[in-house]
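I opened this structure today to look up a few places in the chain, one after another, and to write down what I found.

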Amino acid sequence: MANGERAIQFAIREDNREHQFKQVWVEELDDVFSDVARYYDRANHVASLGLWNYFRKRFLSTIDVQSGQRVLDVCAGTNAIGIALLKKQPNLEIHAMDRSKAMQEVGYKLACKLGMHIDSTIGDVHTLPFPDNHFDVVTLQYASRHLRIMDVCREIKRVLKPGGHFYHCDMLRPANKFVEWSYYAYLRFCLNFTSLLFRSSASTRGCKEYFINALRMFYSADEFSDLLRDVGFEEVSSQTLLGGMIGYHTAMKPLST
Ligand SMILES: C[S@@+](CC[C@H](N)C(=O)[O-])C[C@H]1O[C@@H](n2cnc3c(N)ncnc32)[C@H](O)[C@@H]1O
């Protein structure tokens with residue numbers, strides 16, 4: 001597919017995703033994560049059958065950070081990535097941004113317990129309140145399905161220094177139809193089970209189908225690589241787990257633009 005045609009296809013898909021989910025993104029997700037904050041990490045351990053830490057370690061193994069670097073974790077939630085990066089390299093300046101105060105409060109307490117400092121910004125990541133060419137590294141884990149991801153990737157590219165790296169991890173839409181179908185069936189079971197186990201609020205229970213539909217309309221690993229290239233990143237590479245259910249992407253902002 002020619003570059004221009006591909007850009008139009010992505011724009012249409014992003015418009016469709018926004019059209020379908022805007023109400024949830026704008027009006028409901030904040031309530032969901034206010035509820036989920038108190039059991040987010042425990043629920044993920046249960047839903048992943050104990051593989052949650054392994055998935056995160058896999059992501060961390062793709063991330064290269066050097067002493068003194070400035071890092072932004074977009075949609076940082078409970079600061080799992082910021083904390084793990086500081087364990088790997090204590091001399092980092094870490095900034096976390098998320099719209100959910102409740103998730104960041106949990107993240108703040110977790111970081112404090114370990115004597116770590118993570119600078120927190122509360123806000124919508126579609127506009128990053130940071131200057132151009134500011135960060136050496138930007139990370140984004142498990143949130144892209146809730147965003148107009150192409151716009152956020154453009155913002156990420158803007159705030160990265162030339163030669164800086166973007167590291168992405170998320171649940172992706174498996175390219176194989178049978179894997180995709182099994183994945184949604186398992187997720188539906190998990191969402192029902194964890195919402196009972198952790199006594200989820202009515203708003204969280206009301207969003208169960210959204211979580212599946214958001215994945216259904218999201219990108220496969222190869223499509224996400226193309227999206228990153230379309231935004232203007234270079235050296236895009238990807239790895240997948242479990243038949244493409246989880247994907248890890250690495251991309252670099254070009255040295256000259
Ligand atoms: C599934 S959690 C992931 C948290 C964390 N990155 C992790 O890996 O554990 C998704 C996070 O994205 C945040 N989020 C969703 N939409 C957002 C937006 N438009 N702006 C900022 N944060 C957003 C939510 O508040 C939530 O904390």
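**Entry 1, the model.** I remind myself that this is a predicted model, so I read every value below as computed.

**Entry 2, strand E5.** I began with strand E5, residues 160-171, and found it mostly covered, since 9 of its 12 residues are buried. I then looked up its pairing with strand E4 (residues 135-141), where the two strands run in the parallel sense over 6 bridges, and I noted that Val 137 stands opposite His 165 in E5.

**Entry 3, the ligand.** Which residues are closest to the ligand? I counted 19 residues around the ligand, and the closest are Cys 75, Gly 77, Arg 99, Ser 100 and Gln 141. Sorted by class, this shell holds 10 nonpolar, 6 polar and 3 charged residues.

Arg 199, which is not a glycine, has a positive phi near 50°, and I located Arg 199 in the loop between helix H7 (177-197) and helix H8 (202-206). Is Arg 199 buried or exposed? Arg 199 counts as exposed because it has 11 C-beta neighbours inside 10 Å, and the cut-off for exposed is 12 or fewer.

Leu 242 is also not a glycine and has a positive phi of about 50°; I found Leu 242 in the loop between strand E6 (234-241) and strand E7 (246-252). With 14 other C-beta atoms within 10 Å, Leu 242 is partly exposed.

My last stop was His 45, which I found in helix H2 (residues 40-47). His 45 counts as partly exposed because it has 14 C-beta neighbours inside 10 Å. Which residues does His 45 contact, leaving aside its neighbours within four places in sequence? I found Gly 50 and Trp 52 in contact with His 45. I also looked up the separation of His 45 from Gly 163, and the two are 118 residues apart in sequence and 35 Å apart in space, C-alpha to C-alpha.

Notes:
Residues numbered from 1 in each chain as written. Predicted model: local features only at pLDDT ≥ 70, side-chain atom pairs only at ≥ 80, totals over all residues. Near = placed C-beta within 6 Å. Nonpolar A, V, L, I, M, F, W, Y, C, P; charged D, E, K, R; others polar. Helix = DSSP H or I, 4+ residues; strand = E, 2+ residues; numbered from the N terminus. Buried ≥ 20, exposed ≤ 12 C-beta atoms within 10 Å, placed from the backbone. Pairing = 2+ DSSP bridges. Contact = placed C-beta atoms within 7 Å.
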